[in-house]
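User: Hi! I'm new to this one, could you walk me through it?

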Amino acid sequence: MLKLKNFSKEFFLIFLSFMMLLSCPLCVHAATIDNDNNSQIELMYTTIETNRSSISISGIKSTCTASMTAKKSTTLKIKMELQKKKSSGYETVETWTSSKTGVMSWVRKL
């Protein structure tokens, strides 16, 4: 009888311990969005499906192309720079930008 009483007491204490563990509140922290600056927090690379860029050169003329597609409609921004190699690094010769809301955007310059 004494063993049964001890067993039920142990069982009750173990059960109570599990219930206390399962009922503990969890702390969750989230990033805040500052609406005054109209800022957005978004993982852009999870939305981008493809991005491509190419350049073709023929004599002194070049054609630059850049394109991007998204999995869902979002703001797509492309900045394409034509750079010239210098002894100290690279110098930007020309810059083209494109900003579009949708699933596809592209820039092509001759």
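Here is a short chat about the chain, from its overall layout to single residues.

Analyst: Happy to! This is a predicted model, where local features need pLDDT of at least 70, side-chain atom pairs count only at pLDDT 80 or more, and totals for chains, interfaces and linings use all residues. Residues are numbered from 1 along each chain as its sequence is written, and side-chain values use heavy atoms, with hydrogens and water left out.

User: How much of the protein chain is buried?

Analyst: Buried residues make up 15% of its 110 residues. Buried means under 20% relative accessible area, exposed over 50%, and partly exposed in between (1.4 Å probe, protein chains only).

User: And which residues make up the largest nonpolar core?

Analyst: There are 10 in all: Ile 48, Cys 64, Ala 66, Met 68, Ala 70, Leu 76, Ile 78, Met 80, Trp 96 and Val 107. The largest share of this core, 7 residues, comes from β2. A nonpolar core is a set of buried Ala, Val, Leu, Ile, Met, Phe, Trp, Tyr and Cys residues joined through side-chain atoms within 4.5 Å.

User: You listed Ile 48. What is its bridge partner in β2?

Analyst: That's Ala 70. Strands β1 and β2 (residues 61-86) run antiparallel to each other, paired over 10 bridges; two strands pair if DSSP finds at least two bridges between them.

User: Is β1 mostly tucked away or largely in the open?

Analyst: Strand β1 (residues 48-58) lies largely in the open, because the number buried among its 11 residues is 1.

User: What about the hairpin, which residue there takes a positive phi?

Analyst: Gly 59 does, near 70°, and the hairpin of β1 and β2 has 2 residues between the strands.

User: Back to β2: is Thr 63 buried or exposed?

Analyst: Thr 63, which sits in strand β2, counts as buried because its relative accessibility is 17%. Beyond its neighbours within four places in sequence, Thr 63 has contacts (heavy atoms within 4.5 Å) that include Ser 54, Ile 55 and Arg 108.

User: Switching to the helices, where is Phe 11?

Analyst: Phe 11 belongs to helix α1 (residues 2-22). With 54% relative accessibility, Phe 11 counts as exposed.

User: Great, thanks!

Definitions and conventions
Helices (H or I, at least four residues) and strands (E, at least two) are DSSP runs, numbered from the N terminus.
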